Protein chains: 2
Amino acid sequence: VKTVCIAGVGLIGGSFALALRKAGFTGRIIGASSPQTIAKALALGVIDDGLPLAEAAAQVDCVYLAQPIQGILDTIREIDAWVRPGTLITDAGSTKGAIVVLANEKIRRGRFVGGHPMAGKETRGVEGAAADLFVDRPYVLTSPDTEIEEWIGKIGARLVRLSAEEHDALVARSSHVPQLASTALAALIDEHAAQVAGPGALDMTRLALSSYEIWRDILATNPEAIDKALGAYIAKLEEIRRDLRNSALKSHFESGAHGAERLRKR
Amino acid sequence: VKTVCIAGVGLIGGSFALALRKAGFTGRIIGASSPQTIAKALALGVIDDGLPLAEAAAQVDCVYLAQPIQGILDTIREIDAWVRPGTLITDAGSTKGAIVVLANEKIRRGRFVGGHPMAGKETRGVEGAAADLFVDRPYVLTSPDTEIEEWIGKIGARLVRLSAEEHDALVARSSHVPQLASTALAALIDEHAAQVAGPGALDMTRLALSSYEIWRDILATNPEAIDKALGAYIAKLEEIRRDLRNSALKSHFESGAHGAERLRKR
């Protein structure tokens, strides 16, 4: 990879550009985004140039799709006509099934590798972009590709190989259900309950502040896996409810503590 | 109140002693706790003296019960015989119904005021005690009492007056269900899901690391309110599950964000 186009120069796309540069990438990095975003990204030194996507895609070895999921899907419908044969096309969408199925159908001249960097922070947009955003974070790829795998290693991320289906089933449990669990909990906190809420309630409702616009696309492209994972969560809550007055409650606390420790030991 | 006995010199009891001192309390503060805890509390300057509870209770104007809930219940069964008439007895237990019912039955010579300071931190024990633990935190009292209300104001806490039943119904929603929601979620995070977990999963599983020993007593003394609140939570999750594929999902996100903001605006 000698030249890259970042489609969608937000937090993830901008951070990928900065991370590549920090890892020693010396080629041209072209951004394709709204005029305002391109102006900001140029001012921040995140990209070398801004061009319309069709024009940029024709000039590079790699197109990195970092738009919202719907934007990624829209781009995949069109991009194959724009790129040179063999161009690496990869994405950073939070769900993989719908994207990979569409890409397998539409992308013939380019080669597509589905990706999902498990990174983020509260500041959105290119203003929040940081070269170290991916360091020590999982980076999922849905098919093997030595070129992109090498860059994932160089930017300090932890490569995780999963099929699109495996990815979507796992993130339903590790990310999508936690979001919905927080939203449901926060929806039940009225003024009276807020009066006596402690620090635990703050932890448990932080995700509920997330933007619906982002989650709409995520949930819409992974409903089967989320339905299943949400069903398992509700079943576990019903078990705990049944055991509120008996000693089996202890084993629920133990398996919860075990799961929480596992997350912290990775 | 000129002299105080703290029964259970842990994080809460120790912090109450330090907070009283900082707020200008000049009387004697006697601790009643295990010999190891008394030694630590004396070394840290948290208490002036350590005595067996029966002996301490006979010498003070106020007994502050800061043991685990079962310890508070055990003490309430015996303490009335030890105190001088009119002694203020108050507690810091996390549930109020069982404690207040028992106190109303057993405490005749002393006067009982149920209490719950909504404060805590990760470091437990007297080692974590801090004079500012209650600052800006809610402090629930289940009956009016000018003396204890005055000290709650002086230590910087926010007085909230609630009946024991109101308190238990509200904390079921703001504290007990969040705990169980975290435990259930963490119990479902296996090694595979842990691989792709992001910062949201960490937030949502922090409470799952809490000690079962503390929660056993809390849950055992508030099962009806928790059962009801957990039922409401499960019903909300089922609503969201039903709406995963339709536009009503937006209103769930909006009411979740609204609840989360309400908690942060207090």
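Which residues line the largest cavity? Before the answer, some ground rules. This is a predicted model, where local features need pLDDT of at least 70, side-chain atom pairs count only at pLDDT 80 or more, and totals for chains, interfaces and linings use all residues. Residues are numbered from 1 along each chain as its sequence is written, chains are lettered from A and ligands numbered from 1 in the order in which they are written, and side-chain values use heavy atoms, with hydrogens and water left out.

Now the answer. V1(A), V4(A), F16(A), L20(A), C62(A), L88(A), E147(A), I148(A) and W151(A) line the largest cavity. A cavity here is a set of points on a 1 Å grid over the protein atoms alone, where a 1.4 Å probe fits but cannot get out; lining residues have an atom within 4 Å of a point. The volume of the largest cavity is about 50 Å³. Volume is the space filled by probe spheres set on the points, and points are joined across faces, edges and corners.

Two helices of chain A, α1 (11-22) and α6 (146-154), each supply at least two lining residues. α6(A) gives the most, with three. Helices are DSSP runs of H or I, at least four residues; strands are runs of E, at least two; both are numbered from the N terminus. By class, that lining has eight nonpolar, no polar and one charged residues. Ala, Val, Leu, Ile, Met, Phe, Trp, Tyr, Cys and Pro count as nonpolar, Asp, Glu, Lys and Arg as charged, and the others, Gly among them, as polar.

Next, chain B. The second largest cavity has a volume of about 40 Å³. Its lining includes F16(B), F25(B) and W151(B). By class, we get nine nonpolar, no polar and no charged residues. In total, three cavities reach 30 Å³ or more.

On to the interface. Chain A puts 79 residues into the contact, and chain B 79. Contact means heavy atoms within 4.5 Å. About 7,600 Å² is buried between the chains, with carbon and sulfur atoms giving 70%. That is the accessible area (1.4 Å probe) that two parts lose on being put together, summed over both.

How many salt bridges cross the interface of chain A and chain B? The rule finds six. Each is a side-chain nitrogen of Lys or Arg within 4 Å of a carboxyl oxygen of Asp or Glu. D203(B) and R206(A) form a salt bridge, at 3.1 Å, N to O.

Definitions and conventions: 1 Å grid on protein atoms, 1.4 Å probe; cavity = no way out; pocket = protein on both sides within 12 Å on 5 of 7 lines; lining within 4 Å.
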